[in-house]
Amino acid sequence: MFSGRDRRPVGHTADTRRWKALLAQADVPDARLHDARHTAATMMLMQGVPARVVMEILGHSTVLLTMETYSHVVPEFAADAAAKIERGLTG
């Protein structure tokens, strides 16, 4: 949910209409606003933003919910951790 200039919540219909207009203006294929939220969360986690921060931004009630929802990112974390350990051991 977003707020308008008056800081009041923007309704779902207006929100969707603005989102669709933005996609059209950018000449981007149609997508749900929720897809953008999912992409943003995934990108934040992959860039090393702490899960607690992502949780706060998304408004999730727990870090566990955030990590379970975006668990497809976890293999990326494991590969990164393994590479860091290897660099630490081999210099």
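Reader: In what order do the elements of the chain run from the N terminus on?

Author: In this predicted model, the order is α-α-α-α-α. The chain has five helices and zero strands.

Reader: What makes T66 count as buried or exposed?

Author: The cut-off for buried is under 20% relative accessible area. T66 has 0%, so T66 is buried. T66 is found in helix α4, residues 63-69. Leaving aside residues up to four places away in sequence, T66 touches A51, V54, M55, L58 and H60.

Reader: How does the reach of helix α2 compare with the expected one?

Author: Helix α2, residues 33-46, has 14 residues and reaches 20 Å from its first C-alpha to its last. At 1.5 Å a residue, 20 Å is expected, and the reach is close to that. Just after α2, G48 takes a positive phi of about 90°.

Reader: Which residues of α2 are buried, and why are they said to line one face of the helix?

Author: A41, T42, M44 and L45 are buried in α2. Seen down the axis of α2, the buried residues fall within an arc of 160°, so they line one face. They pack against α3 (51-58), α4 and α5 (74-90).

Reader: Which residues make up the largest nonpolar core?

Author: The core has eight residues: A41, M44, L45, A51, V54, L58, Y70 and V73. The elements that give two or more residues to this core are α2 and α3. As for V73, its contacts are T42, L45 and M46, not counting residues up to four places away in sequence.

Reader: Why is the pair K20 and D30 called a salt bridge?

Author: The rule asks for a side-chain nitrogen of Lys or Arg within 4 Å of a carboxyl oxygen of Asp or Glu. The closest N and O atoms of K20 and D30 are 2.6 Å apart, so the pair is a salt bridge. K20 lies in helix α1 (residues 12-25) and D30 in the loop between α1 and α2, so the pair ties together parts that are 10 residues apart in sequence.

Reader: How many salt bridges does the count come to?

Author: By this rule the count comes to four. Among them is R32 with D35, whose closest N and O atoms are 2.7 Å apart. D35 has a relative accessible area of 29% and is partly exposed.

Reader: What makes K84 and D80 a salt bridge, and where do they lie?

Author: Their closest N and O atoms are 3.1 Å apart, and the cut-off is 4 Å, so the pair is a salt bridge. K84 and D80 both lie in helix α5, four residues apart, about one turn of the helix. An α-helix has 3.6 residues a turn, so residues three or four places apart point the same way. K84, at 49% relative accessible area, is partly exposed, and D80, at 37%, counts as partly exposed as well.

How values were computed
Residues numbered from 1 in each chain as written. Predicted model: local features only at pLDDT ≥ 70, side-chain atom pairs only at ≥ 80, totals over all residues. Heavy atoms only, no water. Buried < 20%, exposed > 50% of the residue type's maximum accessible area, 1.4 Å probe, protein only. Contact = heavy atoms within 4.5 Å. Expected span 1.5 Å × (residues − 1). Arc of directions from axis to C-beta. Core = buried A, V, L, I, M, F, W, Y, C linked by side-chain atoms within 4.5 Å.
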